[in-house]
Amino acid sequence: METKGIISSAQNPKLKLLLQLQQKSSERRKHGLFVVEGLREILHCLSAGYEIDSLFYCPQIADNGALKQIQCVLPSNRCYEINSDIYQKVAYRGGTEGVIAEVRTRNLKLKDLKLSPSPLIMVLESVEKPGNLGAILRSADASGVDAVIVCDPLTDLFNPNLIRSSIGAVFTVPTVACSSSECIGFMKEHGIQILTAQLQDSSLYYATDMRRPTAIIMGTEATGLTQQWRDAADAHIRIPMLGRLDSLNVSVSAAILMYEAVRQRSGLDQKRMERLI
């Protein structure tokens, strides 16, 4: 028989739900919960105002001081101790410091975004791979963008692979999912120029002014952007390809374009930039 607050069987209903939330987006939507592993990611999650519904921890693995940082903000009846054998069965990945949380979903809307006077926004149309989106979110956090908007998404924002690859940036960067039509309307309403990344009929990215309010729009690696975005664009930009291939990974391209905006907005020439690095 299990002691209160201690789960000793992998067949426990709470652990079964945990696995379902990891594996199925339909379960995440049904319960309004998603899974976060690792101290760093959980702390970013808490800092962003998300509510932890349940915390599972393995005392044989978890650092006691780190664990207390999380437990101090939770009622004791939301914390469950599990042993190392069970932890290895339910952990989505290794090296997560012995802590896993079920977190209540919170969906930001376009109207919730708080933009700076000259915002920089990264927009992704129909992104497919959670790993790519996670990598873009890391670059978005590092380059200080105002928001990432995912239009007509093919993966949900609480996919465990996305959270893992973003190392918590999905919580540090305001991230919204919406339709392309809604996003285009938002950009027009707020006077934000739309720059679409595309090979055809385009100018080199570093010859385009990104100092004004700007949204950089990226499509999928396979098909690029839809005509809807091409028609809505104020300018089309491209990254020069000097080798035999005609494209970069979308996360690499996004990072290059975001940091070009940072460079232009810094007011520093290249030599001064190099001295700062």
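**Figure 1. The largest pocket has a volume of about 590 Å³.** The model is predicted: local features need pLDDT of at least 70, side-chain atom pairs count only at pLDDT 80 or more, and totals for chains, interfaces and linings use all residues. Residues are numbered from 1 along each chain as its sequence is written, and side-chain values use heavy atoms, with hydrogens and water left out. This pocket has a lining of 26 residues, and Arg106, Asn107, Leu108, Leu157 and Phe158 are the closest to its centre. On a 1 Å grid over the protein atoms alone, a pocket is an open set of points with protein on both sides within 12 Å along at least five of seven lines; lining residues have an atom within 4 Å of a point. Grid points are joined across faces, edges and corners, and a volume is the space filled by probe spheres set on the points. Helix H2 (25–31), helix H8 (169–172) and strand E8 (175–178) each supply at least two lining residues. Helices (H or I, at least four residues) and strands (E, at least two) are DSSP runs, numbered from the N terminus. The lining divides into 13 nonpolar, six polar and seven charged residues. Here Ala, Val, Leu, Ile, Met, Phe, Trp, Tyr, Cys and Pro count as nonpolar, Asp, Glu, Lys and Arg as charged, and the others, Gly among them, as polar.

**Figure 2. The second largest pocket holds about 480 Å³ of space.** Its lining has 23 residues, with Ala197, Gln198, Leu199, Asp246 and Ser247 nearest the centre. E12 and helix H11 (250–266) each give two or more residues to this lining. H11 gives the most, with three. By type, eleven lining residues are nonpolar, eight polar and four charged.

**Figure 3. One cavity of 30 Å³ or more turns up in the whole structure.** A cavity is a set of grid points where a 1.4 Å probe fits but cannot get out. About 70 Å³ of space lies in the largest cavity. Its lining includes Gln22, Glu41, Tyr92 and Arg93. Strand E2 (33–37) and helix H7 (160–166) each give two or more residues to the lining. Five lining residues are nonpolar, one is polar and four are charged.

**Figure 4. Seven strands form an open sheet with parallel pairing.** Their order is E8-E7-E6-E11-E9-E12-E10. Two strands pair if DSSP finds at least two bridges between them. E8 and strand E10 (203–204) are the edge strands, and each pairs on one side only. Why is strand E9 (residues 193–197) largely enclosed by the rest of the structure? Four of its five residues are buried, so the rest of the structure largely encloses E9. Buried means under 20% relative accessible area (1.4 Å probe, protein chains only). Four bridges join E9 to strand E11 (residues 214–218), where Leu195 stands opposite Ile216. Three bridges join E9 to strand E12 (residues 235–238), where Thr196 has His236 as its bridge partner.

**Figure 5. The largest nonpolar core has 49 residues.** A nonpolar core is a set of buried Ala, Val, Leu, Ile, Met, Phe, Trp, Tyr and Cys residues joined through side-chain atoms within 4.5 Å. Which residues touch the most other members? They are Leu55, Met122 and Val148. H11 gives the largest share of this core, five residues. Apart from this core lies another, of 21 residues, among them Leu113, Ile121, Ile194 and Leu225.

Technical notes:
Buried < 20%, exposed > 50% of the residue type's maximum accessible area, 1.4 Å probe, protein only.
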